[in-house]
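Subject: Structure for your review

Dear colleague,

Please find below the structure that I would like to hand over to you. My findings follow it, grouped by topic.

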There are 2 protein chains.
Amino acid sequence: MKRLLLTPGPTPIPPDVLGAMGEPIIHHRTAEYKEIFKEANDNLHKVFKTQNDIFTFTSSGTGAMEASVVNICSPGDKVIVVRGGKFGERFSDISKFYGVEAIPLDIEWGTAPDPSAVEVLLKAKKKVKAVYMSLCETATATAYDVKAIAKVVAQTDAVLVVDAISGLAADELKTDEWGVDIVVAGSQKGLMLPPGLSFCSVSKKAWGLVESARCPRFYLCFKGMKKALDKGDTPFTPAITLVIGLRESLKIILADGLDKFMARNKTLADATRKAVKDLGLELFSKRPSDAVTAAKVPDGLDGEALIKDLRKKHGVWFAGGQAALKGKIFRIAHMGSIRPSDMREGFAALEDILKAMGHKFEPGSGLKELKKL
Amino acid sequence: MKRLLLTPGPTPIPPDVLGAMGEPIIHHRTAEYKEIFKEANDNLHKVFKTQNDIFTFTSSGTGAMEASVVNICSPGDKVIVVRGGKFGERFSDISKFYGVEAIPLDIEWGTAPDPSAVEVLLKAKKKVKAVYMSLCETATATAYDVKAIAKVVAQTDAVLVVDAISGLAADELKTDEWGVDIVVAGSQKGLMLPPGLSFCSVSKKAWGLVESARCPRFYLCFKGMKKALDKGDTPFTPAITLVIGLRESLKIILADGLDKFMARNKTLADATRKAVKDLGLELFSKRPSDAVTAAKVPDGLDGEALIKDLRKKHGVWFAGGQAALKGKIFRIAHMGSIRPSDMREGFAALEDILKAMGHKFEPGSGLKELKKL
């Protein structure tokens with residue numbers, strides 16, 4: 001059956017990327033592969049907006065999240081973790097496993113952290129090694145104010161680690177200009193690839209912590225990655241086909257410049273949010289992300305059935321809510337290669353299902369804004 | 001240019017596998033994906049010859065090697081590591097990073113460890129947690145006697161960890177019958193996939209060490225993997241396309257039963273070794289693997305030029321020697337999807353280059369055995 005993925009990872013993969021990954025495999029210890037890796041890596045810097053080194057891991061995004069802890073922390077260290085959804089909580093879990101004390105900055109799900117709350121906490125606690133936050137908290141479709149928080153953290157000895165796994169290439173991120181020390185990213189979201197690659201960019205300030213960090217690591221070690229990267233390589237066998245795909249997808253993203261790609265994405269995000277409201281639905285997030293939109297399931301409707309029916313009847317895939325939000329929200333991605341025509345198809349299906357479920361709205365209202373694109 | 005990969009990883013990927021991986025991506029938190037993962041996992045058990053749990057990591061083989069250390073050891077523990085090549089040494093490196101004492105059993109490169117040497121060392125050292133060895137040491141194309149060493153280790157409290165990354169589905173391995181506690185594997189060798197997946201099977205005896213193991217781990221944690229596997233899942237976003245490819249490649253491997261697949265592989269390995277000798281070359285290994293063959297570069301010939309000329313002139317890819325063996329050997333893989341016709345093409349090219357380099361042999365002698373297949 002046809003399948004239109006409007007899920008916040010994996011996102012649809014452009015045909016050219018699938019094609020490049022479907023070629024007979026090449027060997028990785030060669031000039032040919034190094035050239036591909038170099039082109040991909042150079043272009044990654046443009047998307048991250050950084051001149052810092054970017055390390056490419058063969059792992060899920062969680063691998064790079066763990067790398068951002070173990071390479072700068074030691075057991076007994078203190079870090080601040082912004083927790084406003086499932087992915088914020090993962091940094092706490094990782095820290096705990098390594099004996100690092102994660103001081104939570106818990107916020108209501110669907111809201112973004114107040115920069116002054118970070119400032120107060122940094123002042124109250126002594127010797128905080130790092131602050132962990134998301135660019136986009138995927139679980140609630142909320143964009144955090146990285147720029148403002150980076151300004152706060154920059155005035156301390158702490159480094160700022162931003163999980164941009166779902167936000168990269170969708171929500172604005174100026175790594176160097178804002179002073180983000182470590183940016184964590186993954187392949188299967190805005191980068192339009194299958195899952196399997198993850199990334200960390202590392203600033204000079206963060207490097208200052210690497211030497212003394214006593215959390216043990218081998219596969220995820222920044223120093224090993226750096227040594228190999230300086231030779232244009234990775235320390236262990238890379239996921240060759242995914243790196244080949246990465247080169248292709250970055251070409252697509254940068255074809256007209258990153259700004260235009262992001263602007264098209266923002267236009268689609270704006271129209272999607274309007275479409276949600278035009279259907280008489282509420283946005284869940286107080287500070288919505290341009291990568292993904294979360295809509296509240298209207299009172300009295302079965303949110304899980306809604307998701308299921310969309311898949312079964314129309315082949316349209318939205319994501320449901322996680323944990324406490326299960327059945328209460330649904331999430332629609334508009335990042336990566338997702339086009340206005342995809343979104344129109346998605347909302348036509350959504351109208352059909354909402355109608356069948358008895359939700360009242362003016363037919364066609366969900367498509368009005370999207371038809372303008 | 002045409003490219004015939006006869007390298008011990010990555011190996012050529014069958015067209016059906018490339019095709020399956022080139023389909024539009026599907027979501028991983030679904031019944032559809034779980035079914036694919038289950039079929040792949042069930043068939044992996046047949047190839048591993050085990051009823052133990054097998055965990056699938058999104059990582060290079062090194063990730064699974066690290067998992068086989070951190071999940072059973074604590075800082076200060078002692079392990080024995082057989083070192084007869086680059087990959088044996090990696091276990092020592094990993095142990096060191098975690099404060100685990102790796103007692104080396106160093107053997108001459110190209111030889112296999114004597115089971116009685118393992119026995120003596122196990123008796124001499126007290127409280128050894130584990131013995132680490134390879135099934136096939138890829139660097140020297142040597143098959144180790146896992147069966148005999150497993151018998152020795154079984155009589156102690158130590159567990160046996162076997163790196164089968166390059167050996168699986170080529171060199172004989174009977175995990176349960178022989179009593180191998182942890183088998184480490186990777187996707188890009190006998191399993192005929194791109195790199196990016198790695199595996200660990202874990203015996204009951206090894207599980208006995210997991211609870212008390214104090215090396216910290218999160219992404220590579222067996223307990224997290226087990227909890228998810230019991231629900232038919234992985235704890236973190238898997239490399240979806242590679243798992244889809246895995247299901248396809250295992251179908252191919254098991255189409256006529258594993259025994260027939262391995263027998264065809266052995267026939268090709270035997271013929272390749274004879275072909276090497278017929279060309280007046282010596283085998284490097286004293287106990288050759290059926291996954292890969294290492295030939296000594298004849299005295300006076302430039303081994304690195306040989307590899308380069310094969311690639312440049314014929315598009316045929318052999319692997320060179322690593323570390324001290326650089327320029328001294330070349331390695332020819334015959335695992336996975338490599339067919340007799342591929343090997344004939346490889347040896348025709350090899351004859352051409354050897355002739356041009358002035359090596360004396362009877363023309364066509366390298367093809368004699370291979371033509372019988």
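How are α2(A) and α10(A) oriented to each other? The model is a predicted one, and in it the axes of helix α2 (residues 31-48) and helix α10 (residues 240-254) of chain A come within 9 Å and cross at roughly 45 degrees. An angle under 35 degrees would count as roughly parallel, and one of 65 to 115 as roughly perpendicular; α2(A) and α10(A) are therefore oblique to each other. The crossing in which α2(A) passes α10(A) is left-handed. On the side of α2(A), the contact is formed by Y33(A), I36(A), F37(A), E39(A), A40(A), N43(A), L44(A), K46(A) and V47(A). The residues of α10(A) in this contact are I240(A), V243(A), I244(A), L246(A), R247(A), L250(A), I253(A) and L254(A). Divided by class, the contact of α2(A) with α10(A) holds 13 nonpolar residues, one polar residue and three charged residues.

In chain A, helix α5 (residues 115-124) and helix α6 (residues 146-154) have axes that come within 9 Å and cross at roughly 20 degrees. That angle makes α5(A) roughly parallel to α6(A), and their crossing is right-handed. From α5(A), the residues P115(A), V118(A), E119(A) and L122(A) meet A148(A), I149(A) and V152(A) of α6(A). The contact of α5(A) with α6(A) comprises six nonpolar residues, no polar residue and one charged residue.

In chain B, helix α12 (residues 303-314) packs with helix α13 (residues 340-356) at an angle of about 120 degrees, and the two axes are 10 Å apart. This makes α12(B) oblique to α13(B). The passage of α12(B) by α13(B) is a right-handed crossing. L306(B), D309(B), L310(B), K313(B) and H314(B) of α12(B) make the contact with A349(B), L350(B), D352(B) and I353(B) of α13(B). Five nonpolar, one polar and three charged residues make up the contact of α12(B) with α13(B).

I turn next to the domains of chain A.

The domain assignment gives domain 1 of chain A as 4-9 + 257-371 and domain 2 as 15-254. Their C-alpha centres lie 27 Å apart, and the contact takes 25 residues from domain 1 and 25 residues from domain 2. On the side of domain 1 of chain A that touches domain 2, the elements giving two or more residues are α11 (258-278) and β11 (292-296) of chain A. Of these, α11(A) gives the most, with four residues. By class, that side of domain 1 of chain A has twelve nonpolar, nine polar and four charged residues.

The relation between the two chains is as follows.

Chain B is superposed on chain A by a rotation of 180 degrees with 0.0 Å of shift along the axis, at an RMSD of 0.0 Å. That is the relation of a two-fold axis. The C-alpha of chain B nearest this axis belongs to S59(B), at 2.5 Å from it.

Most residues other than glycine have a negative phi, and most peptide bonds are trans. In chain A, the peptide bond from G9(A) to P10(A) is cis, with omega near 0 degrees; P10(A) lies in the loop between β1 (4-5) and α1 (15-21) of chain A. In chain B, G9(B) and P10(B) are joined by a cis peptide bond with omega about 0 degrees, and P10(B) is placed in the loop between β1 (4-5) and α1 of chain B. A323(A), a residue other than glycine, has a positive phi, near 50 degrees. A323(A) is located in the loop between β13 (319-320) and β14 (329-333) of chain A.

Yours sincerely

Technical notes
Residues are numbered from 1 along each chain as its sequence is written. Chains are lettered from A and ligands numbered from 1 in the order in which they are written. This is a predicted model: local features need pLDDT of at least 70, side-chain atom pairs count only at pLDDT 80 or more; totals for chains, interfaces and linings use all residues. Axes are lines fitted to C-alpha atoms, for helices over the stretch in contact, and angles run from 0 to 180 degrees between N-to-C directions. Angles under 35 degrees count as roughly parallel, over 145 as roughly antiparallel, 65 to 115 as roughly perpendicular and the rest as oblique. A crossing is left-handed if the near helix is turned anticlockwise from the far one by less than a right angle, and right-handed if clockwise. Two residues are in contact if their C-beta atoms, placed from the backbone, lie within 7 Å. Ala, Val, Leu, Ile, Met, Phe, Trp, Tyr, Cys and Pro count as nonpolar, Asp, Glu, Lys and Arg as charged, and the others, Gly among them, as polar. Domain bounds come from an automatic or database domain assignment. Copies are superposed by least squares on the C-alpha atoms of residues with pLDDT of at least 70 in both.
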